[in-house]
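Please have a look at the sequence and the structure before I go on.

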Amino acid sequence: MSSIMFLAGLVATMITALAIVAYLRAPLYSILVELSGTRERAGFWVAFSNVTLALLPLIFAMQYTPEAKPGTSVVLEVAAQLKWALAGLLSAVVFLGWVLSRFIRRQVVQGTAQPKAAA
């Protein structure tokens, strides 16, 4: 029974991670094309990021082993495993965002300054 709970948690983790990867793929690719200069480089870094975003939550989820004691709720045990998976996913997204933010050039947008009032 604990094996089934463990696998259910891993499947839920993988589905969640793949959904996040799919959601971030296009915007990440656009940013990486701009930052890296070529589509080939951006393609590599998107693939690298996708692997990281998919594997890190699985590694976190594997650290939790559900217990199948009498009276134990399957839902709560899988939820506890998912908690660790989401912590891993959040860690990967935050780290990826931090790394990208370090390479994004800061530009002053023209025309956004308010005109000074006449004294």
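The expected span of a helix, as I use the term, is 1.5 Å times one less than its number of residues. What we are looking at is a predicted model, and in it helix 3, residues 74-103, has 30 residues and reaches 44 Å from its first C-alpha to its last, which is close to the 44 Å expected.

Let me take the pairs in turn. Helix 1 and helix 2 have axes 8 Å apart and pack at an angle of about 155°, which means that helix 1 is roughly antiparallel to helix 2, the cut-off for that word being over 145 degrees. The residues of this contact of helix 1 with helix 2 divide into 19 nonpolar, five polar and three charged.

For helix 2 and helix 3, the axes come within 7 Å and cross at roughly 150°, and therefore helix 2 is roughly antiparallel to helix 3. The crossing of helix 2 and helix 3 is right-handed. On the helix 2 side the contact includes Leu 53, Leu 56, Pro 57 and Phe 60, while the helix 3 side includes Trp 84, Ala 85, Gly 88 and Leu 96. The residues of the contact of helix 2 with helix 3 divide into 12 nonpolar, five polar and no charged.

Definitions and conventions
Residues are numbered from 1 along each chain as its sequence is written. This is a predicted model: local features need pLDDT of at least 70, side-chain atom pairs count only at pLDDT 80 or more; totals for chains, interfaces and linings use all residues. Side-chain values use heavy atoms; hydrogens and water are left out. Helices (H or I, at least four residues) and strands (E, at least two) are DSSP runs, numbered from the N terminus. Axes are lines fitted to C-alpha atoms, for helices over the stretch in contact, and angles run from 0 to 180 degrees between N-to-C directions. Angles under 35 degrees count as roughly parallel, over 145 as roughly antiparallel, 65 to 115 as roughly perpendicular and the rest as oblique. Ala, Val, Leu, Ile, Met, Phe, Trp, Tyr, Cys and Pro count as nonpolar, Asp, Glu, Lys and Arg as charged, and the others, Gly among them, as polar. A crossing is left-handed if the near helix is turned anticlockwise from the far one by less than a right angle, and right-handed if clockwise. Contact means heavy atoms within 4.5 Å.
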